[in-house]
Amino acid sequence: MSNRTFPRRTLLKGALVATAAAFNPSSRSWAATAAPESISLPPLDGQLVMDAETRARAADDYGHIVHRTPWAVLIPGSVQDIVKIVRFARAHGLKVAAGRGIGESHSTQGQAQVEAGVFIDMSALSTVHDVDETSAWVDAGVRWIELLEITVPQGRSPPTLTDFIELSIGGTLSVGGIGGQAFRWGLQVDNVLELDVVTGRGELVRCSPWRHSALFDSVRAGLGQFGIIVRARVRLVRVPPRVRVYTAMYDDLAVFLRDQALLVDEGRFDYAEGSVVPSGGQYSFQLEVAKYFSPGAEPNDAQLLAGLSFQPGTLQAQDSSYFDFANRLAPLIEFLKSIGVWQLPHPWLNMFVPGPATRPFVQQVLAQTPEAELGQGPVLLYPFHPNRITAPFARMPPGHHAYLFALLRTAIPPTPENVAALVAKNRLIFEQLTAAQGKRYPIDSVPMSHADWRRHFHPHWERFVLSKQRFDPDNVLAPGQGIF
Ligand SMILES: Cc1cc2nc3c(=O)[nH]c(=O)nc-3n(C[C@H](O)[C@H](O)[C@H](O)COP(=O)(O)OP(=O)(O)OC[C@H]3O[C@@H](n4cnc5c(N)ncnc54)[C@H](O)[C@@H]3O)c2cc1C
């Protein structure tokens, strides 16, 4: 059990803040005090922040490409504040977007932003409420790392982790949440047991597979369209304290993909990922797999690696604690922040490719992607089993295997022209992906039309629309996704 303090108070010192505020429907502006023609908000436990600097910060994200400025930022002091703001917005034709934090969203195309509406800083609600052997009740603003800090000493972990664990639990449950354990466990949305949701109607509802299941199925990977997740009960599994990570290189894509598919089918490892490594105009491929273990029961390397066809002399193995493994990107990210790369534009492209199409598709994309267009960003390539994914709106390609293929670009030079060219390139590759029956992981930077979204959610588009009508009939929530 941990109670965290309000993280933003010091940042907001001196900002224009109000625990009671008023909205003027004719000028469509906010004020800290009510003018005669304005409508007062009900009193809040938290604060509504309206100063220009905070609103400008809320108009940014990890992509640094799209900027939409809200009229106000809610720092909720309670779940009831979110209920009040959504009801107020619904009554007065305002839009609302929830996100990990002010300017701290990890989306790359403004997905968590809102133009002239209210942005809700979910990081203000970040308490881990209750942890038992098999699950934890957490506020949606809790970051996965904060949960792990509590559960790992107890020998427990969520089964699937994202590579980067500073993401918010509400944020990844709204998009999917994939990592190297997904081949076995599915996505993070497949490992959530119950959710507390403030719907677009402004109703607080607890949902699960057995209770309000239509809402449960809608909000998991629902891109924030139906409700704001305020609390989640996430699954925990027992994990050993140590992890051995193996990396090895391949120069042949077909052999690399074949070995990866074999490993996830046999389940020899607890984690399986991989990446494409540019080397002097060519590309080679790095396998990255991990086995969890307890001291005294070390993994049998020869058995685990038997029959794999990586290049001799390229195998490396390293042991670490489970927590350090889960948090393995932290030193790299600190470095990227220190040299300013974190602040550069990131026109990412994240794709799910059907197994049989993966080799020709990856070859085609790499052939049209000069190394300079990656800006030294990594290119992820790893398989999982789409049939493990139960959330209907987490759209996946058909078949027994699918591969996550992600061009995690940094735009260098960071000029608007280069960014626009890379986004246009993403769009072109997205069309090739669609032709290959692949699906986009919609956290990235691809301009989408209404017809694209229809195709994306097919054959669940009608269900998606019905859920919108049912749970957010006035289209209040998450406009930054550009779906409705
Ligand atoms: C460095 C980096 C590494 C990453 N690694 C991975 C990875 O390994 N695996 C993976 O799957 N993804 C990964 N991502 C992508 C990440 O999952 C998405 O960016 C995702 O959106 C979560 O980020 P966030 O918590 O910042 O949410 P945000 O970007 O703030 O929000 C994402 C969407 O969800 C909505 N939303 C946010 N909170 C809520 C809520 N409580 N209720 C309802 N809707 C909400 C927002 O409105 C928005 O539409 C990575 C991103 C970065 C930048």
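The legends below describe close-up views of aromatic rings in a predicted model.

**View 1. The ring pair Tyr-271 and Phe-325.** A pair of aromatic rings is described by the distance of the centres and the angle of the planes. The model holds 24 aromatic pairs. In the pair shown here, the centres of Tyr-271 and Phe-325 are 5.0 Å apart and the planes stand at 85 degrees; planes over 60 degrees apart count as edge-to-face, so this pair is edge-to-face. Tyr-271 belongs to strand β17 (residues 271-279) and Phe-325 to helix α9 (residues 322-326), so the contact ties together parts that are 54 residues apart in sequence. Tyr-271 and Phe-325 are both buried.

**View 2. The ring pair Phe-393 and Phe-457.** With centres 5.9 Å apart and planes at 80 degrees, Phe-393 and Phe-457 also form a pair that is edge-to-face. Phe-393 is found in the loop between β21 (379-384) and β22 (402-407), while Phe-457 is in helix α13 (residues 450-457), so the pair ties together parts that are 64 residues apart in sequence. Phe-393 is buried, at a relative accessible area of 2%. Phe-457 is buried too, at 1%.

**View 3. A cluster of rings that includes Phe-393 and Phe-457.**

**View 4. The charged end of Arg-328 over the ring of Phe-325.** The charged end of Arg-328 is 4.6 Å from the centre of this ring. Phe-325 is the residue that pairs with Tyr-271 in View 1.

**View 5. The charged end of Arg-244 over the ring of Phe-293.** Here the charged end of Arg-244 is 5.5 Å from the ring centre of Phe-293.

How values were computed: Residues are numbered from 1 along each chain as its sequence is written. This is a predicted model: local features need pLDDT of at least 70, side-chain atom pairs count only at pLDDT 80 or more; totals for chains, interfaces and linings use all residues. Side-chain values use heavy atoms; hydrogens and water are left out. Rings of Phe, Tyr and Trp (its six-membered ring) pair if their centres lie within 6.5 Å; planes under 30 degrees apart count as stacked, over 60 as edge-to-face and the rest as tilted. Helices (H or I, at least four residues) and strands (E, at least two) are DSSP runs, numbered from the N terminus. Buried means under 20% relative accessible area, exposed over 50%, partly exposed in between (1.4 Å probe, protein chains only). A charge sits over a ring if NZ of Lys or CZ of Arg is within 6 Å of the ring centre and within 35 degrees of the ring normal.
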